[in-house]
Amino acid sequence: MSAFWIILVGSLVACSCALLGSFLILRRMAMVGDAIAHAVLPGIVIAFLITESRASLPILIGAAITGMLTTVLIEVLNKKGGLQEDASIGISFTFLFAIGVILISAFAGQVDLDQDCVLNGEIDYLPLDIGSIVFLGQSIPRSVWTILPTFLIILGFVGIGFKGLRLTTFDNEFAAAIGVNVALWHYLLMGAVSLTTVVSFEAVGAILVVAFLVIPPSAAYLVTHKLKPMLVLSCVIGILSAVGGYYLAVFLDSSTAACMAVVSGLIFFSIFVFGKIKSVFN
């Protein structure tokens, strides 16, 4: 059952990230996920210092607040400060992540947290983190009960808000001209990215979250420029990455999260090379 839980959690994270990452890719905001994934560290530490607890809820709230702060800071630097978006992202996440590292260093005796754990995750050990909920006689790992609802929320958000997301992604000016609140859709998308990143990094780590946000949608974009097929294909690639990454990790006796990211990259480069070869002979 350990393999099943690891693959299930990896696939749920992959699909959640792929759905949102498709819109980030099309909006040329792919590295926002990276920024949020790193910038939540001070929120985690501050939440722990305030509550003196490692319970999931306060940690998630602290991280979510910092994630949204990162989004707002990027927007302010870009729109109000006149900086390019990549510069705004770089400044925001390095500044906030550095604050998190300093907080951990300053309160190392009180904070039972490690920034390496946040980055790399503990997906290999999630079957050992059995929650209190038993379903059909089977104890379910705690990560499943946080990531599954998150996936359903993201799926519902994309499904219900598909028209608004599509319109504001492809033609901001037209959307604003017909009365669509472009800023609202932007912050809803960024809020969804923050939620997914924060909920996922405890299980799979920030690095794999970033990989799943960027690589499967990018691979899907090489195959199709139609939005709906891109969303479906990016999820399929994400699931294949999770399954293939797990068995590669077993074969190599290596990190599962790293192998999932590597398989995702191999799929991307396979599609890229195949496309180049095909274009030569056409």
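Modeller: Ground rules before you start: the model is predicted, so local features need pLDDT of at least 70 and side-chain atom pairs pLDDT 80 or more, while totals for chains, interfaces and linings use all residues. Residues are numbered from 1 along each chain as its sequence is written, and side-chain values use heavy atoms, with hydrogens and water left out.

Colleague: Fine. Why is Ser 92 called buried?

Modeller: Buried means under 20% relative accessible area, exposed over 50% and partly exposed in between, using a 1.4 Å probe and protein chains only. Ser 92 comes out at 0%, so it counts as buried. The residue is found in helix 5, residues 85-106; helices are DSSP runs of H or I with at least four residues, strands are runs of E with at least two, and both are numbered from the N terminus.

Colleague: What is Ser 92 in contact with, leaving aside its neighbours within four places in sequence?

Modeller: Thr 70, Leu 73, Ile 74 and Leu 77. Contact here means heavy atoms within 4.5 Å.

Colleague: And what makes helix 2 "mostly covered"?

Modeller: Eight of the eight residues in helix 2 (32-39) are buried. Among them are Asp 34 and His 38. In helix 3 (41-51), the buried residues include Leu 41, Pro 42 and Phe 48, and just after that helix Glu 52 takes a positive phi of about 55 degrees.

Colleague: Which way does Arg 28 fall, buried or exposed?

Modeller: Exposed, because its relative accessibility is 75%. Arg 28 sits in the loop between helix 1 (2-26) and helix 2, and has a positive phi of about 60 degrees although it is not a glycine. Asp 253 is another non-glycine with a positive phi, about 55 degrees. Asp 253 is in the loop between helix 12 (227-252) and helix 13, and its 71% relative accessible area makes it exposed.

Colleague: What makes the nonpolar surface patch?

Modeller: Leu 222, Val 223, Phe 269, Phe 272, Val 273 and Ile 277, over about 540 Å². Patch residues need over 30% relative accessible area and no salt bridge; nonpolar side chains (Val, Leu, Ile, Met, Phe, Trp, Tyr) are joined within 5 Å, like charges within 9 Å. A salt bridge is a side-chain nitrogen of Lys or Arg within 4 Å of a carboxyl oxygen of Asp or Glu. Accessible areas are Shrake-Rupley values with a 1.4 Å probe, and for residues only the protein chains shown count as cover. Take Leu 222, in helix 11: at 40% it is partly exposed. Helix 13 gives the most to the patch, with four residues.

Colleague: How many cavities of 30 Å³ or more are there?

Modeller: Two. On a 1 Å grid over the protein atoms alone, a cavity is a set of points where a 1.4 Å probe fits but cannot get out; a pocket is an open set with protein on both sides within 12 Å along at least five of seven lines, and lining residues have an atom within 4 Å of a point. Points are joined across faces, edges and corners, and volume is the space filled by probe spheres set on them. The largest cavity holds about 50 Å³, and its lining includes Leu 60, Arg 142 and Glu 202.

Colleague: What lines the second largest pocket?

Modeller: There are 13 lining residues, with Met 29, Glu 75, Lys 79, Asn 172 and His 186 nearest the centre. The volume of that pocket is about 280 Å³, and helix 10 gives the most to its lining, with four residues.
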